[in-house]
Amino acid sequence: MSPDHAPSTTPAHHNHGAVQSGTTTDVRCMIMRGGTSKGLYFLAEDLPADPAARDALLLRLMGSPDARQIDGLGGAHPLTSKVAVVSPRSDGGVDYLFLQVSVDEATVSDRQNCGNILAGIGPFAVERGLVPAQDGTTEVVIHMVNTGSVARARVTTPAGRVAYEGDAEIAGVPGTAAPVVLDYQGTAGSSCGALFPTGNRVDTFAGVKVTCVDNGMPVVVIDAAALGVEGTEEPAALEADAELCAAIEAVRLEAGVAMGLGDVSETTVPKVCLVAPARSGGTFNTRCFIPKRVHEAIGVFAGASVAVAWQVPGTVVAGLSGDHDAAETRVEHPTGHTDLVVEVDSGDVPEAAPSSAAGEPTVLVTGSVRTARKLMDGIAFA
């Protein structure tokens, strides 16, 4: 039997839940790559029920706060300091709570969702026996606790075993893997209550014209040229531009209040995405601040939100590049591209629309193809 098809086993010494061993806590954990992120996956029953105790344990497991996370399982970057908490539902689906663990601060946030870590939820749910595996493909209905939206994941399960090997390729991940097909429901306005949370298609914050949009992730969309950059720079170069970063943070702080998120100075949302014309045959090019670091790729829901701004008339990036009648969107980013399917009914708004979002657009379809891989299954110690 191939290791990729091997069933998950519970170590014999482990009793479900976090267990004290002298001064050490051990807890069952699976490390998975989901999309272009990596994180720790847990059953909810294996973590403390009290959120404060849970977060303290996760900080210890990740090795935060420390820039290298040297004393924990974190990878010293926001993209590799993520947690999924999964639990079964009475309707046969699963609940998925995403937690972002800060690298260099003692904070754990549930203020956002993560579409990359989501790619591993279906395989994890099957591995842990929360959803019975079918022969061929297993559908897992995932209720995203952070936003209240729902995703249907189709997981490759030949002979009733999760397969990780396959021919699907996603930018930012070496090699190929089995595809995880994701269809999303209820993403529009899932964090802010409206697709365009400010009620406008164009706002001006800190002197910069922006479009605020929420199709699964609150994002402040900016034409890169408005900030005097190409939008094709390497992430490290953008992060090193102190003047640019200060300008982006000033915009983000004002936008957060206008989007109904309140004071966002200590939170990871909204993201800020710089958009430029496509360079490699895609739909448009992006550089996404998440919010202090620049994403090496782009989050699935961030990409889906920007795709809405690109399709709808009257936004700061409408007409920037690409075919606006196409539901298939290729989002270029620093390590390649991400393919999404985002279809929007823009409503009865002419091209020369005012900034008001009268004639509210409707998101008809949001979907993606991602991959995931099980890296480790066992016991983590805190």
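The model you are looking at is predicted, so to speak a computed picture of the chain. Rolling a probe the size of a water molecule over the atoms shows where empty space is left. Let's look at what turns up here, beginning with the closed spaces.

**The largest cavity**

- The count of cavities of 30 Å³ or more comes to 2.
- Around the largest cavity there are 18 lining residues. Those nearest its centre are Lys 82, Gln 112, Lys 271, His 295 and Gly 299.
- Which helix gives the most to this lining? That is α6, with 3 residues.
- Both α2 (115-118) and α6 (300-311) supply at least two residues of the lining.
- By class, the lining of the largest cavity has 9 nonpolar, 7 polar and 2 charged residues.

**The second largest cavity**

- The second largest cavity holds about 30 Å³ of space.
- Its lining includes Pro 123, Val 155, Thr 156, Tyr 164 and Ala 372.
- Two strands, β8 (150-157) and β9 (179-185), each supply at least two residues of this lining.
- How many charged residues does the lining of the second largest cavity have? There are no charged residues in it, while 9 are nonpolar and 1 is polar.

**The largest pocket**

- Now for an open space: the largest pocket has a volume of about 520 Å³.
- It is lined by 21 residues, and the closest to its centre are Ser 102, Asp 104, Glu 105, Thr 268 and Lys 292.
- β5 (94-101) and β6 (108-109) each give at least two residues to the lining of the largest pocket.
- The pocket lining divides into 8 nonpolar, 8 polar and 5 charged residues.

**The chain as a whole**

- The chain has 6 helices and 17 strands.
- Its radius of gyration is 20 Å, close to the 21 Å that the globule rule gives for 382 residues, so the chain is as compact as a globular protein of that length.
- Along its principal axes, the C-alpha trace spans about 65 × 45 × 35 Å.
- Of the 382 residues in the chain, 55% are buried.
- Take the contacts between residues at least 6 apart in sequence: 63% of them join residues at least 24 apart.
- The accessible surface of the chain is about 14900 Å², and 50% of that belongs to carbon and sulfur atoms.

Conventions
Residues numbered from 1 in each chain as written. Predicted model: local features only at pLDDT ≥ 70, side-chain atom pairs only at ≥ 80, totals over all residues. Heavy atoms only, no water. 1 Å grid on protein atoms, 1.4 Å probe; cavity = no way out; pocket = protein on both sides within 12 Å on 5 of 7 lines; lining within 4 Å. Points joined across faces, edges and corners; volume = space filled by probe spheres on them. Helix = DSSP H or I, 4+ residues; strand = E, 2+ residues; numbered from the N terminus. Nonpolar A, V, L, I, M, F, W, Y, C, P; charged D, E, K, R; others polar. Rg over C-alpha atoms; globule rule 2.2 N^0.38 Å. Buried < 20%, exposed > 50% of the residue type's maximum accessible area, 1.4 Å probe, protein only. Contact = heavy atoms within 4.5 Å. Areas by Shrake-Rupley, 256 points an atom, 1.4 Å probe, with all protein chains shown as cover.
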